[in-house]
Amino acid sequence: MNIFILLPLLYVIFKKIGYRKAVKLFEVNGLKVYVIASNEVNAFVDGKKLFITRGALNLSDDEIEVLLSHELSHVVLHHSRFNILLTFLILFTVSVIAQFSLFLSFLVSLLSLFVQRHIRRRQEVEADRLASLVVGKERLASLIRKYDNPNSSLLSTHPPLSERLRVLS
């Protein structure tokens with residue numbers, strides 16, 4: 001799946017031909033699109049499924065292109081596939097350890113939570129880097145500044161705003 005081909009296609013789909021035709025077109029090409037009935041501005045991918053809120057569809061054309069470039073970067077980089085394999089490996093490891101020690105399996109589960117969050121944050125930065133090659137660093141940084149959640153915590157899947165902007169500079 002080539003991000004440079006998909007971005008103009010997504011723009012046309014969402015802005016010109018509408019949601020129903022977009023769903024059919026993407027299903028033919030292996031990417032399913034779901035619109036979430038929410039005014040929140042958000043989008044995410046899960047494998048070859050793109051979820052986008054109605055609030056995000058109300059952004060300017062430029063902002064939609066930037067948002068989708070970031071999300072499709074996750075698809076191109078196979079982040080969902082990696083995360084599924086990692087989750088399977090963790091579950092298998094914890095189940096084997098649980099045969100010997102429930103306490104140790106609990107500790108491994110807790111540690112794995114922090115490892116997964118670290119990996120997800122790294123993936124966000126990777127997606128930012130790839131998207132910036134497509135749409136430009138300043139356009140991506142502008143969107144991140146505008147819609148980033150300032151309340152990042154230890155368990156957040158996205159790195160703090162300052163880290164994301166530092167990577168883009």
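The report below goes from the whole chain to single sites.

**Model and confidence**

This is a predicted model, in which local features need pLDDT of at least 70 and side-chain atom pairs count only at pLDDT 80 or more, while totals for chains, interfaces and linings use all residues. Residues are numbered from 1 along each chain as its sequence is written, and side-chain values use heavy atoms, with hydrogens and water left out.

The mean pLDDT (the predictor's confidence in each residue, from 0 to 100) is 82 for the chain, and 81% of the residues reach 70 or more. Confidence is lowest in helix α1 (residues 3-17), with a mean of 51, and highest in helix α7 (residues 137-147), at 93. The pLDDT is below 50 over residues 1-5, a stretch that has ten contacts in the model beyond near neighbours in sequence. Contact here means heavy atoms within 4.5 Å.

**Fold**

The chain holds eight helices and three strands. Both are DSSP runs numbered from the N terminus: helices are H or I with at least four residues, and strands are E with at least two. Along the sequence the pattern reads α-α-β-β-β-α-α-α-α-α-α.

Of the 169 residues in the chain, 39% are buried. Buried means under 20% relative accessible area, exposed means over 50%, and partly exposed lies in between (1.4 Å probe, protein chains only). Taking contacts between residues at least 6 apart in sequence, 57% join residues at least 24 apart.

**Aromatic pairs**

A pair of aromatic rings is described by the distance of the centres and the angle of the planes. Rings of Phe, Tyr and Trp (its six-membered ring) pair if their centres lie within 6.5 Å; planes under 30 degrees apart count as stacked, over 60 as edge-to-face and the rest as tilted. A search of the whole structure finds two such pairs, listed here.

| Pair | Centre to centre | Angle between planes | Class |
|---|---|---|---|
| Y34 and F51 | 5.0 Å | 15° | stacked |
| F44 and F51 | 4.8 Å | 15° | stacked |

Y34 belongs to strand β1 (residues 32-36) and F51 to strand β3 (residues 49-53), so their pair ties together parts 17 residues apart in sequence. Y34, F44 and F51 form one aromatic cluster.

**Largest pocket**

The largest pocket holds about 880 Å³ of space. On a 1 Å grid over the protein atoms alone, a pocket is an open set of points where a 1.4 Å probe fits, with protein on both sides within 12 Å along at least five of seven lines; lining residues have an atom within 4 Å of a point. Grid points are joined across faces, edges and corners, and the volume is the space filled by probe spheres set on the points.

The lining of this pocket comprises 32 residues, and N42, A43, E71, E124 and H158 lie nearest the centre. At least two lining residues come from each of β2 (43-46), α4, α5 (79-98), α6 (102-135) and α7. Helix α4 gives the most to the lining, with five residues.

**Single residues**

S69 sits in helix α4 (residues 61-76) and is buried, with 0% relative accessibility. The S69 side chain reaches the backbone oxygen of V66 at 2.6 Å.

H78 is not a glycine, yet has a positive phi of about 60°; at 42% relative accessibility, H78 is partly exposed.

Q123 is placed in helix α6 and is buried at 3% relative accessibility. Apart from neighbours within four places in sequence, Q123 is in contact with H74, H79, F82 and N83.

S156 lies in the loop between α7 and α8 (161-168), and counts as buried at 17% relative accessibility. Not counting residues up to four places away in sequence, S156 touches R117, R121 and N151. The C-alpha atoms of S156 and R117 are 6.8 Å apart in space, although the two residues are 39 apart in sequence.

Key:
A polar contact is a pair of N or O atoms within 3.5 Å; within protein, one must be able to donate a hydrogen and the other to accept it, and residues adjacent in sequence count only if both atoms are side-chain atoms.
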